Amino acid sequence: MVALWPPTLAARPAADALTAARGASASSVRAEARDTVAMQTQALRTDIPQRHLQNVVLVAEQAAARQAAARRRAAERAVAAAAARRAAEQAAEQSQQSQSPPQQDQSGPPPTPSGSAQQIALGMLGSYGWSSGQFSCLVSLWNRESGWNVTASNASGAYGIPQALPASKMASAGPDWQTDAATQIRWGLGYIKGLYGSPCGAWAHEEDDGWY
């Protein structure tokens, strides 16, 4: 007679082995998952500085492009303003040439006022048909243009108190146009009268367009 072990006892080693195998497999899966997460985390940590650097470079390039565009626009505006000013001066000259010269009495032109540049200009206003009420506009205009400096110049070639462009146009007012305030003012007031009618008209244009 052969004795048989209880089935539950006979199957226990196999069950234990299966459980152990499953445990080992689960542990292996968990280990692989941890390794994968660790690798992904490391990759992200490595990638973040690179992305940040790329963003910084992109922002810098965009800022440089905007600055370059702004400089181009400013240069274009300066060229356009200079061209418009030359065209306006040519139109004023043509208008003056088309008009008959004013008749002068036998006593000759009125004497040139003396004093500072502003005092000279104030003294000349009446000879152009303007009241002293125009003087404040003239002061504002030439303060901005030249600071009332007879040798003031800019990159476009404008020169003197009225910032004539080209400067040699003031030679029509006198041979000492490069250094004499009265000569420059006389030319400048004639230019203003021919093109804008009055200093306040010229100042209004200066405020609107940045030149006169």
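The paragraphs below go through the aromatic pairs, a charged patch and the backbone of one loop in a predicted model.

Residues are numbered from 1 along each chain as its sequence is written, and side-chain values use heavy atoms, without hydrogens or water. Local features need pLDDT of at least 70 and side-chain atom pairs count only at pLDDT 80 or more, while totals for chains, interfaces and linings use all residues.

A pair of aromatic rings is described by the distance of the centres and the angle of the planes. Rings of Phe, Tyr and Trp (its six-membered ring) pair if their centres lie within 6.5 Å; planes under 30 degrees apart count as stacked, over 60 as edge-to-face and the rest as tilted. The structure holds seven aromatic pairs. One of them joins Tyr128 and Trp130, which are stacked with 5.5 Å centre to centre and 20° between the planes. Tyr128 has 17% relative accessibility and therefore counts as buried; Trp130, at 10%, is buried too. Here buried means under 20% relative accessible area, exposed over 50%, and partly exposed in between (1.4 Å probe, protein chains only).

Tyr191 and Tyr196 form an edge-to-face pair, with 6.3 Å between the centres and 75° between the planes. Both Tyr191 and Tyr196 are buried. Leu195 lies in helix α4 (residues 181–195), where helices (H or I, at least four residues) are DSSP runs numbered from the N terminus. Leu195 and Tyr212 are 17 residues apart in sequence and 9.0 Å apart in space, C-alpha to C-alpha. With a relative accessible area of 27%, Leu195 is partly exposed.

On the surface, Arg71, Arg72, Arg73 and Arg77 gather in a patch of positive charge. Such a patch is made of residues with over 30% relative accessible area and no salt bridge, like charges being joined within 9 Å; a salt bridge is a side-chain nitrogen of Lys or Arg within 4 Å of a carboxyl oxygen of Asp or Glu. The place of an Arg charge is taken as CZ. Arg73 belongs to helix α1 (residues 7–98) and is partly exposed because its relative accessibility is 45%.

Most residues other than glycine have a negative phi, and most peptide bonds are trans. In the loop between α3 (135–145) and α4 sits Pro166, and the peptide bond from Leu165 to Pro166 is cis, with omega near -5°. Trp148, in the loop between α3 and α4, has a positive phi near 60°. Gln163 is also placed in that loop, with a positive phi near 55°. Trp148 is buried at 10% relative accessibility, and Gln163 is buried at 2%.

Note on methods
Patch = residues over 30% accessible without salt bridge, like charges linked within 9 Å, V, L, I, M, F, W, Y side chains within 5 Å. Areas by Shrake-Rupley, 256 points an atom, 1.4 Å probe, with all protein chains shown as cover. Lys, Arg positive; Asp, Glu negative; His and termini not counted. Helix = DSSP H or I, 4+ residues; strand = E, 2+ residues; numbered from the N terminus.
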